[in-house]
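Subject: Structure for your review

Dear colleague,

Please find the structure below, together with its sequence. My notes on what was found in it follow directly after.

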Amino acid sequence: MEAIEQEPHRAKTEERIYNLLVELLKKKVYLNPNVSLASLCTEVGTNTAYLSAIFNNRLGGNFKTIINRYRIRYAKMLIIRRDSSIQAVYLHSGFVSRSVFYAAFKRETGWTPKQFLAHYQAGDDHLFDFSLPV
């Protein structure tokens, strides 16, 4: 009986934490190179296991995958707008090193940043999709 009564409370708690997480993502917390699962837990008021489950169940990937997905999306916009050199884009996107940025970019897009720019300039329509889980 007690477990049944806790379900609505658990669902409300998860929804509240999810909404707080979405707000942090909208505020571009992912651009902070020091953002961590622990720091987000402090922001939303929960523990790492619970927040990690929300990342996996509600956003479709673990913390690192989702944060990098947002960073790559931001990097793609910088590359397209040419606000920064491709070499400097990783710094503005929240990555701490060029090599980690290039590996994440290639994993997410299938291309290096320069290849992405070349495909964009050639008019590849699917490059305009910047959708994310939230």
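Ile79 counts as buried, at 2% relative accessibility; the term means under 20% relative accessible area, whereas exposed means over 50% and partly exposed lies in between (1.4 Å probe, protein chains only). The residue is found in helix H4, where helices (H or I, at least four residues) and strands (E, at least two) are DSSP runs numbered from the N terminus. Setting aside neighbours within four places in sequence, Ile79 is in contact with Ile86, Val89, Phe105, Pro113, Phe116 and Leu117; contact means heavy atoms within 4.5 Å. Between the C-alpha atoms of Ile79 and Leu117, which are 38 residues apart along the chain, the separation is 6.7 Å.

Please note that this is a predicted model, in which local features need pLDDT of at least 70 and side-chain atom pairs count only at pLDDT 80 or more, while totals for chains, interfaces and linings use all residues. Residues are numbered from 1 along each chain as its sequence is written, and side-chain values use heavy atoms, with hydrogens and water left out.

Turning to the chain as a whole, there are seven helices and zero strands. Of its 134 residues, 37% count as buried. Among contacts between residues at least 6 apart in sequence, 56% join residues at least 24 apart. The accessible surface comes to about 7,900 Å², and carbon and sulfur atoms account for 51% of this surface; such areas come from the Shrake-Rupley method with a 1.4 Å probe, and for residues only the protein chains shown count as cover.

In soluble globular proteins, nonpolar side chains tend to be buried together. The largest nonpolar core here holds 39 residues, and those that touch the most other members are Leu21, Leu25, Leu40, Leu51, Phe55 and Phe101. Each of the helices H1 (2-26), H2 (37-44), H3 (48-59), H4 (63-81), H5 (86-92), H6 (98-109) and H7 (113-121) supplies at least two residues of this core, and the largest share, ten residues, comes from H4. A nonpolar core is a set of buried Ala, Val, Leu, Ile, Met, Phe, Trp, Tyr and Cys residues joined through side-chain atoms within 4.5 Å.

Phe55 lies in helix H3 and counts as buried, at 0% relative accessibility. Not counting residues up to four places away in sequence, Phe55 touches Leu21, Leu37, Leu40, Gly60, Gly61, Asn62, Phe63 and Ile66. The C-alpha atoms of Phe55 and Ile67, twelve residues apart along the chain, are separated by 9.9 Å.

Asn68 has its place in helix H4 and is buried, with a relative accessible area of 11%. Apart from neighbours within four places in sequence, Asn68 is in contact with Phe95, Ala104 and Arg107. Asn68 also belongs to the lining of the second largest pocket, together with residues including Pro33, Val35, Arg71 and Val100. H4 gives the largest share of that lining, five residues.

Finally, which residue other than glycine has a positive phi, near 65 degrees? This is Lys28, found in the loop between H1 and H2. Lys28 is partly exposed, with a relative accessible area of 38%. Most residues other than glycine have a negative phi.

Yours sincerely

Technical notes. On a 1 Å grid over the protein atoms alone, a cavity is a set of points where a 1.4 Å probe fits but cannot get out, and a pocket is an open set with protein on both sides within 12 Å along at least five of seven lines; lining residues have an atom within 4 Å of a point.
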